[in-house]
Amino acid sequence: MKIAVIHGQSHKGSTYHITHMLLDHLNCAKEEISEFYVNGIGSCVGCYQCIMKGEDTCPHRSQIGTLIAALEESDVIIIDSPTYVLSMSGQLKTFFDHMGYRYISHRPHPSMKGKIGVAISTTAGAGARKTTKMIASQMFWWSVGKTYQLPVTVAAMSWNQVSEKIKAKTEQRTARLAKAVQHKLGYVRPGIKARFMFFIMKQVHKGMDYSPLDMEYWKIQGWI
Ligand SMILES: Cc1cc2nc3c(=O)[nH]c(=O)nc-3n(C[C@H](O)[C@H](O)[C@H](O)COP(=O)(O)O)c2cc1C
């Protein structure tokens with residue numbers, strides 16, 4: 001099982017530790033795990049080059065190319081972020097902006113529909129569920145077949161402050177989640193919402209030439 005992890009923060013706090021709890025339960029060889037940090041990726045400048053001319057023309061391609069390749073080669077994609085002001089971290093959102101060309105509406109990677117996504121967020125008090133929902137929604141639009149969410153209210157500002165009770169409960173939750181992921185691996189089928197969106201976009205690309213590159217891509221994939 002190949003796992004790609006995107007950390008929405010560069011420090012090793014509660015979010016990082018909980019992601020690693022899950023990795024430990026997934027019991028995967030170290031060489032199969034690729035971890036990335038999105039801090040330092042330049043903000044999207046809104047040039048539309050990725051969509052209209054191809055992803056290699058993005059001015060930040062050198063900062064994101066390896067990361068995206070790892071996502072596409074993985075079986076499981078784990079994305080985490082602390083909850084900041086009831087949302088994901090700004091740097092993670094910046095990375096997601098760069099993935100717009102991989103939306104179902106543009107050029108989704110064909111391997112995504114067989115993958116499992118996991119969205120993880122921690123919060124001191126509120127908003128972790130909202131954050132994991134947003135992360136999961138991004139993966140849906142990449143056409144990831146199945147996504148699990150792990151929102152954790154840690155009632156703390158740092159991992160050292162997290163109570164033993166919360167740590168033990170989180171240990172149990174990550175163990176259960178790991179089992180679910182392992183059970184599902186190899187059996188992922190896109191749900192009805194994804195299939196419906198795909199159907200709609202098929203009609204769009206058949207009939208509208210708003211992005212010739214996208215249309216060509218859909219033809220090459222044999223989708224239209
Ligand atoms: C800039 C910032 C914004 C935050 N916003 C919220 C928030 O909206 N709601 C909340 O309950 N906690 C909030 N927190 C607390 C963190 O979500 C919480 O401590 C989290 O577990 C930190 O994860 P980390 O240890 O991985 O950094 C915020 C913390 C920071 C630094």
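# Notebook: strands, ligand shell and cysteines

I began with strand 1 and found that 5 bridges join strand 1 to strand 3, the two running parallel. I count two strands as paired if DSSP finds at least two bridges between them. Helices (H or I, at least four residues) and strands (E, at least two) are taken as DSSP runs, numbered from the N terminus.

I note that this is a predicted model, in which local features need pLDDT of at least 70 and side-chain atom pairs count only at pLDDT 80 or more, while totals for chains, interfaces and linings use all residues. Residues are numbered from 1 along each chain as its sequence is written, and side-chain values use heavy atoms, with hydrogens and water left out.

**Entry 1: strand 1 and its partners.** I then turned to strand 2 (residues 33-37), which pairs with strand 1 (residues 3-7) in the parallel sense over 5 bridges. Here Ala 4 stands opposite Ser 34 of strand 2. I followed the chain between these two strands: strand 1, helix 1 (residues 14-26) and strand 2 make a right-handed β-α-β unit. I call a crossover right-handed if, with the strands pointing away from the viewer, the path from the first strand over the helix to the second runs clockwise.

I next checked the burial of strand 1. Buried means under 20% relative accessible area, exposed over 50%, and partly exposed in between (1.4 Å probe, protein chains only). Because 5 of the 5 residues of strand 1 are buried, the strand is largely enclosed by the rest of the structure. I find both faces covered: Ile 3, Val 5 and His 7 are buried on one side, and Ala 4 and Ile 6 on the other.

**Entry 2: strands 4 and 5.** I recorded 8 bridges between strand 4 and strand 5, which pair in the parallel sense. Within this pair, the bridge partner of Thr 123 is Thr 153 in strand 5. I traced the chain from strand 4 through helix 5 to strand 5 and noted that this β-α-β crossover is right-handed.

A polar backbone atom of Ser 14 lies 2.8 Å from an oxygen atom of the ligand. For Leu 86, I find a polar backbone atom 2.9 Å from an oxygen atom of the ligand. A nitrogen atom of the ligand is 3.4 Å from a backbone N or O atom of Ala 124. I noted that the protein covers 71% of the 650 Å² of accessible area that the ligand has on its own. Accessible areas come from the Shrake-Rupley method with a 1.4 Å probe; for residues, only the protein chains shown count as cover.

**Entry 3: loops.** I found Val 85 in the loop between strand 3 (76-82) and helix 4 (90-97). Its phi is near 40°, a positive value in a residue other than glycine. Val 85 counts as exposed, at 84% relative accessibility.

Ser 143 is in the loop between helix 5 (128-141) and strand 5 (146-153). Phi of Ser 143 is near 75°, again positive in a residue other than glycine. Ser 143 counts as buried, at 13% relative accessibility.

**Entry 4: cysteines.** I searched for disulfides, meaning pairs of cysteine sulfur atoms within 2.5 Å, and the structure holds 0. Cys 47 is in no disulfide, and the nearest cysteine sulfur, that of Cys 58, is 6.3 Å away. I recorded Cys 47 as partly exposed, with a relative accessible area of 34%. The sulfur of Cys 58 is 6.2 Å from the closest cysteine sulfur, in Cys 50, which is too far for a bond. Cys 58 is buried, with a relative accessible area of 13%.

Notes
Polar contact = N/O pair within 3.5 Å; in protein donor to acceptor, adjacent residues only side chain to side chain.
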